[in-house]
Amino acid sequence: MKDSLFARNPSVLIFLGVLALFVAAVTVLGEGVGLGLISTSFVKTLGKTLCLCLIAIAMDLVWGYTGILSLGHFAFFGLGGYMIGMWLMYARTETIVAASLAQAEIPPTPQEIRDAIGTQIFGVVGGSDFPAIWAFSHSLPLQLALVVLVPGLLALVFGWLAFRSRVTGVYLSILTQAMTLALSLYLFQNDSGLRGNNGLSGLQNIPGAADVPQSLLSIWFFWGSAAALALGYVIAAFVVSGKFGSVIRGIRDDEARVRFLGYSVEAYKLFVFTLTAVIAGIAGALYYPQAGIINPAEMAPIASIYLAVWVAIGGRGRLYGAVIGAGVVSLLSTWFTGGQVPDLPLGIYTIKWVDWWQVLLGLGFVLVTLFAPKGIGGLFDLISGRRAPARHGADLGPDTGSFREKEADQ
């Protein structure tokens, strides 16, 4: 038991307990199966927030623990959304088209139904034929597999090319940002096969659940998002615990030294990069059916920068810090940009919080970086009495490291 995950990382049980209480409270207070004190729209907001917390964990794993500042993880998030969105659009349109053509005197052939579906989906961009990437859109199991495979394969190929070339630091960040920008610009084109700027819409209408009210669907997705977040947290905690976690922390702190010790640094980085891309894709697949629409603007590089800001504010290198940062910033963003905060008149100028929210977010990031580099999660260190080890004595080696002469004697 001493070597169990929960013994090595006691925050896991605490997090799961708090998450379970939160889910129970929202379920009891929500409109779907509870007292109706929380609106359906806010339940959807909470469900989407849990998905953002999940991708924040992925970002913390790749940046806070491994030291790879990726500015492209929202691309994987968006790809997961597109993969499930293709099935949602196809299945919903198929139901509508089949019901419409069923009234014809001559029953339609399967090909006529498929042609009508293509016209309905792609007519907005002047097309009617299904692109090759929609080959499996009729199958839910295959599209669910693509939710994992497409982000994972993209991350595997990109990471293999970048890490084998030993691209690090700001150069790697620029490369990931360039990848995201290129993908976003490609999807904006009408001939990309994903309806260009129009994106995929109507994703909140779940095929086969036409008689289920949105109040109940929102609770189902909220439960699914909570379950995914709990599983993602446990997987991430398992990864950062034990020997593997020590190695990736070593890569973060001194990559050259870890390579000198004989570890395959590139393999460790590639595994973490690919794993976090898969987690991001799953988070996106749960997020966009609750949002109802996805378009290429969701994958713009600024979204990945926001993700890094959330993790920094919450406290990178702490899984619960990433969750706190994403949750707090997401809910505050909804509050400020949703027009719920009254404008502040200052005589000659009136502050409209919808316009000033990004300024506040940037200011908060700067203040946290300067005065609280451990983020909100660092407050738990003060409460629990955790202290960093005293660093005294000469360095044991030619480079400045964390292991000192006096510590070696203790």
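Reader: Does α4 pass α6 in a left-handed or a right-handed crossing?
Author: Helices here are DSSP runs of H or I with at least four residues, strands are runs of E with at least two, and both are numbered from the N terminus. A crossing is left-handed if the near helix is turned anticlockwise from the far one by less than a right angle, and right-handed if clockwise. By this rule, the way in which α4 passes α6 is right-handed.

Reader: On what basis do these descriptions rest?
Author: The model is predicted: local features need pLDDT of at least 70 and side-chain atom pairs count only at pLDDT 80 or more, while totals for chains, interfaces and linings use all residues. Residues are numbered from 1 along each chain as its sequence is written, and side-chain values use heavy atoms, leaving out hydrogens and water.

Reader: How are α4 and α6 oriented to each other?
Author: The axes of α4 (residues 73–101) and α6 (residues 140–164) come within 9 Å and cross at roughly 160°. Axes are lines fitted to C-alpha atoms, for helices over the stretch in contact, and angles run from 0 to 180 degrees between N-to-C directions. Under 35 degrees is roughly parallel, over 145 roughly antiparallel, 65 to 115 roughly perpendicular, and the rest oblique. The two helices, α4 and α6, are therefore roughly antiparallel.

Reader: How many charged residues does the contact of α4 with α6 have?
Author: Contact means heavy atoms within 4.5 Å, and the residues making it include F76, L79 and M83 of α4 with L140, Q143 and V147 of α6. Ala, Val, Leu, Ile, Met, Phe, Trp, Tyr, Cys and Pro count as nonpolar, Asp, Glu, Lys and Arg as charged, and the others, Gly among them, as polar. The contact has 14 nonpolar and 2 polar residues, and the number of charged ones is none.

Reader: How is α4 placed against α11?
Author: The axes of α4 and α11 (residues 265–291) are 6 Å apart, at an angle of about 45°. That angle makes the arrangement of α4 to α11 oblique.

Reader: How many polar residues are in the contact of α4 with α11?
Author: Among the residues that meet are F74, G78 and G81 in α4 and A277, G281 and Y288 in α11. This contact has 13 nonpolar residues and no charged ones, and its polar residues number 7.

Reader: Is S184 buried or exposed?
Author: S184 lies in helix α7 (residues 169–187). Buried means under 20% relative accessible area, exposed over 50%, and partly exposed in between, with a 1.4 Å probe and protein chains only. Since its relative accessible area is 3%, S184 is buried.

Reader: What is the relative accessible area of I117?
Author: I117 belongs to helix α5 (residues 110–122) and, beyond four places in sequence, touches Y90, T93, E94, V97 and F130. I117 is buried, with a relative accessible area of 0%.

Reader: How does L69 count by its relative accessibility?
Author: L69 is in the loop between α3 and α4. Its contacts beyond four places in sequence include M59, W63 and A308. At 28% relative accessibility, L69 counts as partly exposed.
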